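Subject: A structure for you to explore

Hi there,

Here is the structure I promised to pass on. Have a look at it first, and then read my notes below.

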Amino acid sequence: MSPARTARLATAAGMALLAGDANAQSLDDANAAYADGRFVEAADIGEALGTSDGYVVATKSLSVYAHYEASDEEFSAVVERAMRMGELAVAADPKNPDAHYQSAHAVGRYAQRVGAFTALRQGLAGRIRDLLDAALAIEPDYTHAILALAGWHADIHAEGRIARMMYGGNKDEAVMLFERSLELEPESKVVLHAYGIRLPRLDEENGLERARAMLEKALTLPVLDATDEYVHLDVLDGLDALPEGP
């Protein structure tokens, strides 16, 4: 954990104590519900707090729920609420890097569903980039923001020349950012998965073998919460999708 994040969490903990145990427990309740996979409940608790950190929990809970559990009929309402919670998180504390990152997370989930063409036409790629840049301006070693920006570069580059011309997605930048996130958290299931599934495309000559090793390592790491359970399944899917070696 970076010094900036440690300091911010320590400050938040101190403020929670000054505010009283009830408010601290309420945020704890939101985080506990998220860890247990009670995503809508976590979002409701977080939103009710009316704080940036509460809105952050609401945003990430709804983003995960939208991606993994929401039906087609409810997806739009869930992801629109997630994006609204992200905007509130940023507005409540513009210096909270988690707020910017989770807001980008929510917009990214929407962009994944509507497809690359619509996302580009609506300017969502630029919006995501701006939010990630804002998070990293506050906390340069924010691993998940670095990872998300790496994925942004990789995915924009993969969309083709027009997308690259519009937004500047760069393969070399993607690799550099992925390597940095791996350096910061080499035992992260999320990092290993996100890099592993893209590596064969980023390094067509040597990426496949390393990608397989990353995903196999990710499978050995412990599942820490309900979201990790979904990531574990994603890792299995990623391994299945890898082409057979020569």
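Pro200 has its place in helix α12; helices here are DSSP runs of H or I with at least four residues, strands are runs of E with at least two, and both are numbered from the N terminus. Leaving aside neighbours within four places in sequence, Pro200 is in contact with Gly207, Leu208, Ala211 and Leu242, where contact means heavy atoms within 4.5 Å. Pro200 and Pro243 are 43 residues apart along the chain, and their C-alpha atoms are separated by 9.3 Å.

A word on where this comes from: the model is predicted, so local features need pLDDT of at least 70 and side-chain atom pairs count only at pLDDT 80 or more, while totals for chains, interfaces and linings use all residues. Residues are numbered from 1 along each chain as its sequence is written, and side-chain values use heavy atoms, with hydrogens and water left out.

Now the whole chain. You will find 14 helices and 0 strands. Of its 246 residues, 45% count as buried; buried means under 20% relative accessible area, exposed means over 50%, and partly exposed is in between (1.4 Å probe, protein chains only). If you take contacts between residues at least 6 apart in sequence, 61% of them join residues at least 24 apart. The accessible surface comes to about 12,300 Å², and 54% of it belongs to carbon and sulfur atoms; such areas come from the Shrake-Rupley method with a 1.4 Å probe, and for residues only the protein chains shown count as cover.

Next, have a look at α11. This helix has 14 residues and reaches 20 Å from its first C-alpha to its last, close to the 20 Å expected at 1.5 Å a residue (the expected span is 1.5 Å times one less than the number of residues). Which residues of α11 are buried? They are Ala174, Leu177, Phe178, Ser181 and Leu182. These residues cover an arc of only 140° around the axis, which puts them on the same side of α11; the arc is that of the directions from the helix axis to the C-beta atoms. Ser181 has a relative accessible area of 0%, and its contacts beyond four places in sequence are Thr143, Ile146, Leu147 and Val191.

Finally, the rings. Rings of Phe, Tyr and Trp (its six-membered ring) pair if their centres lie within 6.5 Å; planes under 30 degrees apart count as stacked, over 60 as edge-to-face and the rest as tilted. By this rule there are 4 aromatic pairs. The centres of Tyr34 and Phe39 are 5.6 Å apart with planes at 65°, so that pair is edge-to-face. Both Tyr34 and Phe39 are buried. Tyr68 and Tyr230 have centres 4.4 Å apart and planes at 10°, so they are stacked. This pair links distant parts of the chain, with Tyr68 in α4 and Tyr230 in α14, 162 residues apart.

Two rings also have a charge over them, meaning NZ of Lys or CZ of Arg within 6 Å of the ring centre and within 35 degrees of the ring normal. Lys60 lies over the face of Tyr34, 4.4 Å from the ring centre, and the charged end of Arg129 sits over the ring of Trp152, 5.1 Å from its centre.

Enjoy exploring!
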